[in-house]
Amino acid sequence: MAVSKINREKIMDALNEHASNKEILKDDSKVVRTGLKDLDCMLGGLRRGQTYLLGARPSMGKTDFAFNVIKHVAINEGKRVLFFSLDSSKRRLISRFAGFISKIGEGFANDKSEKATNMMENAINEIDNAEIYLDDIPNISIEEITAACSAFESTGKQPDLIIVAERVRTCAELSEIAKRLNCAVLILSQISRNVEEREDHHPVLEDLIESGLKRAVDNIIFLYRDEYYNKDSMREGLADLCIAKSLNGDRGTIVLGYMREYHRFCTLTCVGELENVIEEE
């Protein structure tokens, strides 16, 4: 039968699942929280032992999203993060992250004021005191990532979150790493340009460049900003996170605030919150 009545059993199942996600969020042995409350509630956090793919076209904000998660996991909660990037300019990546943490953003290089200098010094100290590890290998491969994780494990340390920012053709090795190290793995992946050719530019599962990832990755999230395509968009400063596949949580779309010049995402309780996000932290 295509339809069925909503009854007491279904209501209780739904309520119990929601309550379960909220309880799991409190358990550090099971999840890593992103700090984005709506996302954490819908997914039940980033579950240890699972893989997550964040897919988007270039310039949508994948790296900025990763910065926000790294800050919460490593600096706010004191956990370990390994970040592997295909970007050969590691210094550029680090300077962008420092600009994000300092809340100065892209203008930090030109701002020589005492206030900006102090903000940057505070950011440097925060990053230095956190356990954030970035690979030193240009154009790193999956095989090298696997070897680096094994080497890191041999030091007696275990990561809580691994972020891989490169085009991944297979998820088998990363899934094995997530399970073996009991950590969450977040893959930042570029999607097909086919999305540019449609009238509706929202990504769908078929836009994944490697079709095998749709089956192999435990959870798939797409990042979309309407203002990227429409200069007159009424949704300026907003970003959609579409959860297209979820192993344990719900599917659906979450709207976040996004300040590109500061590399910052935030959960919105109202549109005005975006304007205050820098001051509120």
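**Close-up views of salt bridges**

**View A. The side chains of Arg 180 and Glu 176 are joined by a salt bridge, with 2.9 Å from N to O.** The model shown here, as in the views that follow, is a predicted one. Both residues belong to helix H7 (residues 172–181), and because Arg 180 and Glu 176 lie four residues apart in this helix, about one helical turn separates them. Arg 180 is partly exposed, at 32% relative accessibility, and Glu 176 likewise counts as partly exposed, with a value of 38%.

**View B. A salt bridge connects the side chains of Lys 79 and Asp 28, at 3.6 Å from N to O.** This pair links distant parts of the chain, 51 residues apart, since Lys 79 sits in the loop between helix H3 (62–76) and strand E4 (80–85), while Asp 28 sits in the loop between helix H1 (8–24) and strand E1 (31–32). Lys 79 is buried, with a relative accessibility of 9%, whereas Asp 28 is partly exposed, its relative accessible area being 35%.

**View C. Salt bridges link Asp 28, Arg 33, Glu 77 and Lys 79 in a network.**

**View D. Asp 240 and Arg 235 form a salt bridge whose closest N and O atoms are 2.7 Å apart.** The structure as a whole holds 16 salt bridges, among them the one between Asp 240 and Arg 235.

Definitions and conventions:
Residues numbered from 1 in each chain as written. Predicted model: local features only at pLDDT ≥ 70, side-chain atom pairs only at ≥ 80, totals over all residues. Heavy atoms only, no water. Salt bridge = Lys/Arg side-chain N within 4 Å of Asp/Glu carboxyl O. Helix = DSSP H or I, 4+ residues; strand = E, 2+ residues; numbered from the N terminus. Buried < 20%, exposed > 50% of the residue type's maximum accessible area, 1.4 Å probe, protein only.
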